[in-house]
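User: Could you walk me through reading a few features of this model, one at a time? I would like the general idea, then the case here.

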Amino acid sequence: MKQTRMRAPRSRARLHILIPAAAVALTPPLALWAAPAAPAAASTPVVVTLGFDDGTVDQFANGFPILAAHGMHATFFVNTGPILAGDPAHMTWADLHALVNAGNEIAGHTIDHADLKPLSVAAAEHEVCDDRNTLLAQGFAPESFAYPFGSFDSTSEAVVHYCGYNSGRGVAGISKKGPFGETIPPANAYATRTPPNPKTSTKLTTLESYVLNAETDTQSTDWVQFVFHRVCDKSTGGHCGAYSISPPKLSAFLDFLQGEVNAGRVVVETTTQVIGGPLNPACHWDTGGTGCIPPAP
């Protein structure tokens with residue numbers, strides 16, 4: 001039976017703290033996050049989120065069956081541009097609906113995998129808001145966002161909030177030396193932290209260590225978000241790229257997670273299950289901001 005954790009209600013007013021481009025970014029430097037002085041058993045289970053970025057077809061063909069076999073759900077951060085263009089290297093709308101029908105989350109990642117930092121506000125809103133609007137029009141419930149390349153600043157955070165997302169995820173901030181996990185709720189829901197992206201060369205024991213370290217953290221609840229890309233096996237002739245995990249390694253990692261779940265030390269949840277919040281309407285940023293969420297005064 002899934003273990004329920006009580007969390008403090010998330011105030012919408014607290015999230016409306018994003019500031020204009022000219023202001024300083026909200027994300028505190030890593031140096032301010034101190035590692036625990038001495039490991040001790042965590043009082044509540046570690047929350048693990050399995051994230052897959054870019055919506056490549058191998059995530060559906062190779063990754064989805066492994067998730068289903070383990071009874072686990074993931075968050076898929078997809079780019080709608082390649083899907084609309086019918087790119088065979090990316091999933092189709094039917095694939096995404098199959099993922100949602102099985103309990104997975106479909107989330108935003110911009111139209112074209114755009115680096116938001118160098119863009120104008122209008123260009124960033126086009127990439128983020130219109131990507132989300134397309135997902136809404138296709139019947140999905142996009143509440144979570146991942147910054148392409150993990151690149152963002154205070155303006156990027158403000159755009160993601162304005163477009164209606166409840167969170168924004170980076171690709172760094174958690175390490176084997178600490179901090180060992182993101183907090184629940186996060187200090188900044190629009191700059192959540194993760195371990196480094198797994199690469200082809202990343203060992204299974206390294207993936208496991210991020211979970212095991214979080215289990216011994218003195219923080220009340222640690223959240224460990226894994227960011228996977230391709231699910232591809234070089235040994236079988238696949239052209240996988242640096243950021244990939246082989247199906248056997250992914251299966252072995254989920255075997256490990258299943259053992260931790262069964263022992264009551266871990267729960268696996270999607271990003272939206274962790275963050276919570278409403279499903280906001282489409283943001284018509286280009287016609288007066290109808291449906292968009294402006295920053296608090």
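Analyst: Happy to! A helix crossing is called left-handed if the near helix is turned anticlockwise from the far one by less than a right angle, and right-handed if clockwise. Before we apply that, note that this is a predicted model, where local features need pLDDT of at least 70 and side-chain atom pairs count only at pLDDT 80 or more, while totals for chains, interfaces and linings use all residues. Residues are numbered from 1 along each chain as its sequence is written, and side-chain values use heavy atoms, with hydrogens and water left out.

User: Which hand does the crossing of α5 and α6 have?

Analyst: The crossing of α5 and α6 is right-handed. Helices are DSSP runs of H or I with at least four residues, strands are runs of E with at least two, and both are numbered from the N terminus.

User: How do α5 and α6 cross?

Analyst: Two packed helices are described by the angle between their axes and the distance between the axes. Here the axes of α5 and α6 come within 9 Å and cross at roughly 45°. Therefore α5 is oblique to α6 (under 35 degrees is roughly parallel, over 145 roughly antiparallel, 65 to 115 roughly perpendicular, the rest oblique). The axes are lines fitted to C-alpha atoms over the stretch in contact, with angles from 0 to 180 degrees between N-to-C directions. Contact means heavy atoms within 4.5 Å; among the residues making it are Val121 and Val128 of α5 and Val159 and Tyr162 of α6.

User: Which residues touch the most other members of the largest nonpolar core?

Analyst: In soluble globular proteins, nonpolar side chains tend to be buried together. A nonpolar core is a set of buried Ala, Val, Leu, Ile, Met, Phe, Trp, Tyr and Cys residues joined through side-chain atoms within 4.5 Å. Buried means under 20% relative accessible area, exposed over 50%, and partly exposed in between (1.4 Å probe, protein chains only). In the largest core, of 54 residues, Leu50, Phe253 and Leu257 touch the most other members. Helix α8 (residues 247–262) supplies the largest share, 5 residues.
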